[in-house]
Amino acid sequence: MKTPPSQIIDEEVNWDKTKTIVSKTDTYGTILYANDVFANTCEYNPIELIGEPHNIIRHPDMPKVAFKALWDALKKGKNYHAIVKNLTKTGRYYWVITDFTIDKNEEGIVTGYTGRRKAVPNSVIKKIEPLYKTLLDIENLKGEKASELYFDAYLKEEVGKSYDEFVVDLFEQEKSKEEKATINTPKEEDEPNKIKKGLNWFFFGDFL
Ligand SMILES: Cc1cc2nc3c(=O)[nH]c(=O)nc-3n(C[C@H](O)[C@H](O)[C@H](O)COP(=O)(O)O)c2cc1C
């Protein structure tokens, strides 16, 4: 049974930003699998998460329209990317970019979905946070439909691409700026530059 935190604390939780947070759900968004990084980051015990709806970690700063767009894409069979602010058990938050993929059985029937998440640079959060705030304000004052129409028009007029493309491009640009800024540091020389190998390497590189 979902037990939301009793308070919201405007403070980022401490987590290992080099790691990948993984969860798997059924087709309704019920959590079937949570890796230890996921459980540790959102401050739950893995067993507490299993069988719960994924909105157990939904942060109230996230506009509904962001999740509507996610579910519309998944229901159409499209993989998806989103930048999400999540809520921990103690009411803290963490921002991630999530790569959503569709799981199918041998007959090709959709059995559920997988979310793989990585930390996002602060510069990405700074660009996305005001947009989410506007969408949330529209939702609260003018309703969900108004927020959805604003989101569609914003993407068309200001961004010129879908939300999924916007997220991937924004993330890649900011990540590569961040990596250029830290170039020549000993750490950078030691580690292969994953992002230059593409977003797939970034999400799945740990397992390749
Ligand atoms: C694989 C998968 C992973 C998800 N991960 C998250 C997540 O990390 N945070 C989140 O708030 N919602 C996540 N969702 C979306 C939730 O199912 C839900 O739609 C969202 O929290 C909004 O809650 P609501 O539908 O009750 O408004 C995920 C859904 C799927 C299918």
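Because the model is predicted, local features are taken only where pLDDT is at least 70 and side-chain atom pairs count only at pLDDT 80 or more, while totals for chains, interfaces and linings use all residues. Residues are numbered from 1 along each chain as its sequence is written.

The protein chain holds 8 helices and 5 strands. Here helices (H or I, at least four residues) and strands (E, at least two) are DSSP runs, numbered from the N terminus. Along the sequence, these elements follow the pattern β-β-α-α-α-β-β-β-α-α-α-α-α. Of the 208 residues, 27% count as buried; a residue is buried if 20 or more other C-beta atoms lie within 10 Å of its own, exposed if 12 or fewer, and partly exposed in between, with C-beta atoms placed from the backbone. Two residues are in contact if their C-beta atoms, placed from the backbone, lie within 7 Å. Among contacts between residues at least 6 apart in sequence, 53% join residues at least 24 apart.

Around the ligand there are 16 residues, of which Gly 29, His 54, Asn 55, Arg 58 and Gly 115 come nearest. At least two residues of the shell come from each of β1 (21-25), α3 (64-75), β3 (80-87) and β5 (110-119), and β5 gives the most, with 3 residues. By type, the shell divides into 6 nonpolar, 8 polar and 2 charged residues. In this grouping Ala, Val, Leu, Ile, Met, Phe, Trp, Tyr, Cys and Pro count as nonpolar, Asp, Glu, Lys and Arg as charged, and the others, Gly among them, as polar.

Helix packing comes next. Two packed helices are described by the angle between their axes and the distance between the axes. Axes are lines fitted to C-alpha atoms, for helices over the stretch in contact, and angles run from 0 to 180 degrees between N-to-C directions. Helix α4 (residues 122-142) and helix α5 (residues 144-159) have axes that come within 7 Å and cross at roughly 145°. Leu 135, Ile 138, Glu 139 and Lys 142 of α4 make this contact with Glu 144, Ala 146, Ser 147, Tyr 150 and Phe 151 of α5. These residues divide into 5 nonpolar, 1 polar and 3 charged. Just after α5, Gly 160 takes a positive phi of about 75°.

Helix α4 also meets helix α6 (residues 163-181), with axes that come within 8 Å and cross at roughly 145°. The contact joins Ser 123, Val 124 and Lys 127 of α4 to Leu 170, Phe 171 and Glu 174 of α6. Leu 170 counts as buried because it has 20 C-beta neighbours inside 10 Å. Neighbours within four places in sequence aside, Leu 170 is in contact with Val 124 and Lys 127. The C-alpha atoms of Leu 170 and Val 124 are separated by 6.8 Å, although these residues are 46 residues apart along the chain.

Finally, Glu 43 lies in the loop between α1 (36-41) and α2 (46-49). Most residues other than glycine have a negative phi. Glu 43, although not a glycine, has a positive phi of about 65°. With 19 C-beta neighbours inside 10 Å, Glu 43 counts as partly exposed.

Methods
A residue is near a molecule or strand if its C-beta atom, placed from the backbone, lies within 6 Å of it.
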